[in-house]
Amino acid sequence: MNARDIILAPVITEKAVSVLPEKKYTFRVKKDANKIAIKYAVEEIFGVKVAKVNTISMKGHLRRMGRNEGYTSDWKKAVVTLTEDSKTIEFFDGMF
């Protein structure tokens with residue numbers, strides 16, 4: 001599996017931006033990706049050193065459109081903590 005297939009998108013929320021000074025970055029990842037694959041993908045794409053990866057499986061939300069209702073897709077997010085001596089990810093630098 002390619003590294004760019006594992007990391008789908010950054011997650012930009014108020015909580016995700018508040019932990020950026022602690023070198024914690026949040027990404028939307030492929031549902032079947034494990035922590036080791038996520039670690040190697042982030043290191044390959046951004047050129048940083050990863051200390052820890054936490055993953056969370058997110059349930060889809062109930063959405064209604066008139067009288068019809070359904071659920072959005074389930075997805076997985078990963079909170080990646082970088083080492084102290086690692087550089088920051090440039091994409092997130094202007095966020096905090």
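A residue is called buried when its relative accessible area is under 20%, exposed when it is over 50%, and partly exposed in between (1.4 Å probe, protein chains only). Keep that scale in mind as we tour this predicted model, in which local features need pLDDT of at least 70, side-chain atom pairs count only at pLDDT 80 or more, and totals for chains, interfaces and linings use all residues. Residues are numbered from 1 along each chain as its sequence is written, and side-chain values use heavy atoms, leaving out hydrogens and water.

**The overall layout**

The protein chain has three helices and six strands, where helices (H or I, at least four residues) and strands (E, at least two) are DSSP runs numbered from the N terminus. Read from the N terminus, the order is α-β-α-β-α-β-β-β-β. Of the 96 residues, 29% are buried.

**The core**

What sits inside? The largest nonpolar core has 19 residues, and Ile7, Phe27, Ile38, Val42 and Val80 have the most contacts inside it. At least two residues of this core come from each of α1 (3-6), β2 (24-29), α3 (35-46), β3 (50-58) and β6. Such a core is a set of buried Ala, Val, Leu, Ile, Met, Phe, Trp, Tyr and Cys residues joined through side-chain atoms within 4.5 Å. In soluble globular proteins, nonpolar side chains tend to be buried together. Take Ile38: leaving aside neighbours within four places in sequence, its contacts include Ile7, Val53 and Val80. Contact here means heavy atoms within 4.5 Å.

**A hairpin**

Strands β4 (residues 62-65) and β5 (residues 68-71) pair in the antiparallel sense over four bridges; pairing requires that DSSP finds at least two bridges between two strands. Leu62 has Tyr71 in β5 as its bridge partner. Two residues lie between the strands of this hairpin, and Gly66 takes a positive phi near 70°.

**Salt bridges**

How many salt bridges are there? The count comes to two, taking a salt bridge as a side-chain nitrogen of Lys or Arg within 4 Å of a carboxyl oxygen of Asp or Glu.

| Salt bridge | N to O distance |
|---|---|
| Lys24 and Glu22 | 3.9 Å |
| Asp85 and Lys49 | 3.7 Å |

Asp85 counts as exposed because its relative accessible area is 59%, whereas Lys49 is partly exposed at 49%. In the other pair, Glu22 is partly exposed with 48%, and Lys24 is partly exposed with 28%.
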